[in-house]
Amino acid sequence: MAHTNKPGSAPPEQHKTRRYVFVLMENFTMLSFAGAVDALRIANRMVPDSYEWVLAGEGGDTISCSSGISYKLDMDLVEVLRDDTIILCGGTHVQEATTKRLLNWIRREARRGVVIGALCTAPYALARAGLLDGKRATIHWENQDSFTEEFEDVELTKSVFVVDGNRMTTAGGTSSIDLMLKIIASDLGEDVASMVADQQIYSSIRTDQDQQRLSIPTRIGVRHPKLSRVIQMMEVNVEEPISPSLLAKEVGMSTRQLERLFRRYLNRSPKRYYMEIRLQKARNLLMQTDMSVINVALACGFASPSHFSKCYRAHYDTTPYRERGAQAARPLS
């Protein structure tokens with residue numbers, strides 16, 4: 001059954017009803033999905049019959065989101081109309097949710113010229129299908145490290161959403177609202193998009209130029225330009241860490257001054273802070289990719305697996321091998 005809102009007469013002829021096929025992947029994130037659907041629902045209040053949508057998924061029966069709530073699906077993974085727009089909705093454990101059947105289906109629909117978008121972690125599925133090769137894309141910041149390692153032919157950005165030709169990707173959370181507001185503005189005009197945003201109490205509409213993560217000063221709670229610059233250099237130089245002395249030199253400080261700066265604002269040494277950044281990336285790679293522990297160690301700037309294991313255990317109270325084993329043993333639902 002198509003879900004549509006019809007509060008009044010049919011829209012003007014130029015507003016052809018557009019249908020969205022939301023493909024709910026196992027453990028999808030409710031917030032991203034709900035934000036997108038509700039933007040379309042509200043747009044229908046402003047310009048009736050502009051949009052309709054159906055829920056699809058493997059089996060065509062029911063599927064659960066990451067918070068455990070089940071949704072009744074309208075259809076299985078069957079051929080859609082050429083004018084439809086497919087929106088893949090991902091969430092936790094996206095690798096397991098990206099099944100062979102789903103990949104074959106989206107490849108087939110892509111060959112037919114159907115526009116395909118992906119919310120939250122679902123860009124992983126598009127990339128696995130080879131549908132983002134040579135294109136710009138985005139994905140939730142927590143999945144960026146593993147995505148970069150696995151899909152070298154995709155130009156990954158940190159934007160809240162990206163539209164590149166007939167592929168659309170978002171970073172998750174409320175970024176699906178921003179994408180839908182852009183689509184609504186294109187279809188129905190900026191005024192309608194603004195009214196939809198007002199209805200959602202969405203006071204700051206983001207564009208594809210906006211970054212998905214908070215700025216470094218906001219994240220660390222400190223507005224110190226030199227400290228922010230050093231942390232930025234750390235975050236982009238994980239595979240080949242820069243020494244504290246060179247970091248200090250880059251911002252015109254002595255190593256001792258840099259030590260004092262980190263101690264004062266972050267209550268840890270630059271070396272310790274850098275190590276935490278590297279270990280966080282290592283944990284993401286262990287849990288989200290099939291990379292060997294040795295390759296994870298090298299990707300995060302550790303010269304040997306033994307040193308990596310020692311540092312990992314000191315920080316997370318488990319070894320990289322046990323972390324990988326626990327991930328493999330985790331149930332799929």
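**Note on salt bridges and the domain contact**

1. In this predicted model, a salt bridge joins the side chains of Arg41 and Asp38, with N and O 2.7 Å apart. Both residues belong to helix H1 (residues 30–46), where they sit three residues apart, about one turn of the helix. Arg41 is partly exposed at 30% relative accessible area, and Asp38 is likewise partly exposed at 28%.

2. Arg272 has a relative accessible area of 34%, and Glu276 one of 22%.

3. Asp76 and Arg101 also form a salt bridge, their closest N and O atoms being 3.0 Å apart. Asp76 is in the loop between strand E4 (70–72) and strand E5 (85–89), whereas Arg101 is in helix H3 (residues 100–111), so this pair ties together parts 25 residues apart in sequence.

4. Salt bridges also link Glu79, Glu109 and Arg112 in a network. Over the whole structure, the search finds eleven salt bridges.

5. The chain is divided into domain 1 (18–200) and domain 2 (216–328). Their contact takes six residues from domain 1 and seven residues from domain 2. The centres of the domains are 33 Å apart.

6. Between them the domains bury about 700 Å², of which 43% is on carbon and sulfur atoms.

Notes. Residues are numbered from 1 along each chain as its sequence is written. This is a predicted model: local features need pLDDT of at least 70, side-chain atom pairs count only at pLDDT 80 or more; totals for chains, interfaces and linings use all residues. Side-chain values use heavy atoms; hydrogens and water are left out. Domain bounds come from an automatic or database domain assignment. Contact means heavy atoms within 4.5 Å. Buried area is the accessible area (1.4 Å probe) that two parts lose on being put together, summed over both. A salt bridge is a side-chain nitrogen of Lys or Arg within 4 Å of a carboxyl oxygen of Asp or Glu. Helices (H or I, at least four residues) and strands (E, at least two) are DSSP runs, numbered from the N terminus. Buried means under 20% relative accessible area, exposed over 50%, partly exposed in between (1.4 Å probe, protein chains only).
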